[in-house]
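Here are my comments on the model you sent. Please read them with the structure open.

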Amino acid sequence: MGTFTQQQDKAINWRLADLGQLLWADWGEDTVVFNGLSADTHLLNTMSLDVLLLLAKKPMSAEQLIMSLANQWQQPSEQIAKPISSLIHNLDCLGLIEPEFT
């Protein structure tokens, strides 16, 4: 986990870690996810939740994630690229996402 640099993140697709091991609870403003593989519980902010929900639909590269979120949030992609790249790294370190090897 967390072994990829932000530079490498742009060239690979990311997906949610084992979906069967993630349990979600949404209480309106707060969303919590429990990772059964690590037994860790995470309180998600809106940015993290949006990234995980997009990856739940299909694996995406960092660049695809940035473009999708820029459209969703109506923000310039250049403005969100660095925070999203950092978030991808953090979510990988937490074991919530993983690179897709095909």
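1. The protein chain has an average pLDDT of 88, and 89% of the residues score at least 70. Among the elements, helix 3 (residues 62-73) has the highest mean pLDDT, 96, and helix 1 (residues 6-9) has the lowest, 51. Where pLDDT is low, the predicted coordinates should not be read in detail.

2. Leucine 65 lies in helix 3. Is leucine 65 buried or exposed? With a relative accessible area of 0%, leucine 65 is buried, because the cut-off for buried is under 20%.

3. Beyond its neighbours within four places in sequence, leucine 65 is in contact with Val51, Leu54, Leu55, Met60 and Ile88. Serine 85 is 20 residues from leucine 65 along the chain, and the C-alpha atoms of the two are 9.3 Å apart.

4. Two packed helices are described by the angle and the distance between their axes. For helix 3 and helix 4 (residues 77-93), the axes come within 9 Å and cross at roughly 125°. The two helices are therefore oblique to each other, and helix 3 passes helix 4 in a right-handed crossing.

5. Which residues make this contact? Helix 3 contributes Ala62, Leu65, Ile66, Met67, Leu69, Ala70 and Trp73, while helix 4 contributes Ser77, Ile80, Ala81, Ile84, Ser85 and Ile88. Of the residues in the contact, 11 are nonpolar, two are polar and none is charged.

Key. Residues are numbered from 1 along each chain as its sequence is written. This is a predicted model: local features need pLDDT of at least 70, side-chain atom pairs count only at pLDDT 80 or more; totals for chains, interfaces and linings use all residues. Side-chain values use heavy atoms; hydrogens and water are left out. pLDDT is the predictor's confidence in each residue, from 0 to 100. Helices (H or I, at least four residues) and strands (E, at least two) are DSSP runs, numbered from the N terminus. Buried means under 20% relative accessible area, exposed over 50%, partly exposed in between (1.4 Å probe, protein chains only). Contact means heavy atoms within 4.5 Å. Axes are lines fitted to C-alpha atoms, for helices over the stretch in contact, and angles run from 0 to 180 degrees between N-to-C directions. Angles under 35 degrees count as roughly parallel, over 145 as roughly antiparallel, 65 to 115 as roughly perpendicular and the rest as oblique. A crossing is left-handed if the near helix is turned anticlockwise from the far one by less than a right angle, and right-handed if clockwise. Ala, Val, Leu, Ile, Met, Phe, Trp, Tyr, Cys and Pro count as nonpolar, Asp, Glu, Lys and Arg as charged, and the others, Gly among them, as polar.
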